[in-house]
Amino acid sequence: LKETLDHLAAKLDAIYTASGGKKINVITHSMGGLLVKCFMSLHSDIFEKYVKSWIAIAAPFQGAPGYVTSTLMNGMSFVDGWEAYFFVSKWSMHQLLIECPSIYELMACLDHEWEHAPLLQIWKEIQDGNGNATAMLEQFTPIEAVSIFTQALSSNELSYGGVDIPLPFNKEILQWANKTREILSSAKLPPNVKFYNVYGTGFDTPQSVCYGSADSPILDLQELPLLDATYINVDGDGTVPVESSKADGLDAEARVGIPGEHRGILCDKHLFRIVKHWLKADHDPFYNPVNDYVILPTLFEIERHQDSKGKEVTSVKEEWEIVSEDEREAMVGSISASCVVGDDLSASQEAHATFVVHPQSNGKQHIELNAMSVTAGV
């Protein structure tokens with residue numbers, strides 16, 4: 001919406017002015033990432049003038065295909081169990097969201113080369129020439145699924161004040177959403193703006209949706225809104241697949257996945273530490289955002305010499321402390337490798353290394369690495 005983007009432009013200008021001309025760090029969550037990317041595509045000059053960095057959290061850059069298919073067919077519930085009685089019902093939410101542009105914008109992006117293609121699967125009852133019925137699983141790509149949505153929701157309606165209001169699958173909004181996706185796909189990051197992407201991992205996330213079964217095939221597509229779907233899940237935050245959230249299409253400074261649920265990730269301490277690090281608010285050059293720990297080098301020694309037999313010996317000793325809340329177990333590891341160079345058995349190389357992790361104490365883990373290589377006759 002033009003009014004939304006104009007309001008964002010005015011807000012950026014007001015903050016920039018109030019701060020005395022300091023550029024702004026923008027942090028978005030979920031759909032906010034698509035809004036900012038759309039703004040950046042349409043108003044690149046304004047974005048570059050006011051914005052220093054942009055951190056996107058759990059953004060559905062290529063959609064949330066399984067989540068949206070289920071929402072369009074069956075509605076959406078934000079809470080489960082008895083608490084659902086104190087919230088808008090799943091079916092009432094369906095009637096609200098079927099006219100919501102952002103739901104259509106979250107359908108699977110058609111131009112993205114999916115590693116795990118999102119599909120709509122339906123077990124249908126097929127009659128042969130003799131009147132015998134068999135069940136067959138049919139699969140539909142995101143483009144093909146539009147005709148299924150259209151048929152399944154052709155009789156959908158809302159009763160309000162004694163009036164029945166038709167609420168079919170809205171192809172006009174779909175065309176609008178496709179235009180939005182075109183704008184998003186053409187977005188380029190201005191050269192002086194830094195972009196960071198955080199995505200949630202560790203949760204089963206719907207990618208493809210299946211209705212019916214071999215034992216209970218679908219006879220009429222208009223039954224679909226009344227049925228419970230089963231999901232084919234991939235890794236993600238429970239709503240947005242990792243594949244979608246990572247595929248921002250921008251020149252990112254960093255992309256980091258952390259275990260977290262789509263909304264719950266906003267309360268994660270690891271996320272806050274990463275954001276502070278990227279905004280240079282923690283002043284800790286040894287912090288590793290990927291694994292959420294700090295590595296403190298405490299010792300480095302290297303020595304080279306030649307023994308009496310002419311062998312070249314190199315030894316390395318390193319020690320670190322890892323500061324982390326992760327309770328890493330004590331461990332000892334070793335590795336050895338050797339090779340003979342050419343046909344001369346006296347020409348050889350060998351190396352040995354040991355790696356020792358001491359038990360954690362007071363939030364610190366002590367690590368030792370000892371390595372040695374010996375080269376003879378080369």
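In what order do the four strands of the open sheet run? I took this up first, keeping in mind that the model is predicted. I read the order as S4-S3-S8-S9, with mixed pairing.

**Sheet edges.** I looked at the edges next. Strand S4 (133-140) and strand S9 (230-236) each have a single partner strand, so one side of each has no neighbour in the sheet.

**S3 and S4.** I followed strand S3 (residues 120-127) along S4 and found antiparallel pairing over eight bridges. Lys124 stands opposite Met136 in S4.

**Helices on the sheet.** Which strands does helix H4 touch? I found H4 (residues 65-74) packed on the sheet against S3, strand S8 (203-211) and S9. The direction of H4 makes about 50° with that of S8. I then checked helix H7 (residues 142-152), which also packs on the sheet and touches S3 and S4. The direction of H7 makes about 125° with that of S4.

**H2 against H8.** I turned to a helix pair. Helix H2 (residues 31-42) packs with helix H8 (residues 171-185) at an angle of about 70°, and their axes are 8 Å apart. An angle from 65 to 115 degrees counts as roughly perpendicular, so H2 and H8 are roughly perpendicular to each other. I noted their crossing as left-handed.

Which residues of H2 meet H8? I listed Leu34, Lys37, Cys38, Ser41 and Leu42. From H8, I listed Thr180, Ile183 and Leu184. I sorted the residues of this contact into five nonpolar, two polar and one charged.

Methods: Residues are numbered from 1 along each chain as its sequence is written. This is a predicted model: local features need pLDDT of at least 70, side-chain atom pairs count only at pLDDT 80 or more; totals for chains, interfaces and linings use all residues. Side-chain values use heavy atoms; hydrogens and water are left out. Axes are lines fitted to C-alpha atoms, for helices over the stretch in contact, and angles run from 0 to 180 degrees between N-to-C directions. Helices (H or I, at least four residues) and strands (E, at least two) are DSSP runs, numbered from the N terminus. Angles under 35 degrees count as roughly parallel, over 145 as roughly antiparallel, 65 to 115 as roughly perpendicular and the rest as oblique. A crossing is left-handed if the near helix is turned anticlockwise from the far one by less than a right angle, and right-handed if clockwise. Contact means heavy atoms within 4.5 Å. Ala, Val, Leu, Ile, Met, Phe, Trp, Tyr, Cys and Pro count as nonpolar, Asp, Glu, Lys and Arg as charged, and the others, Gly among them, as polar. Two strands pair if DSSP finds at least two bridges between them.
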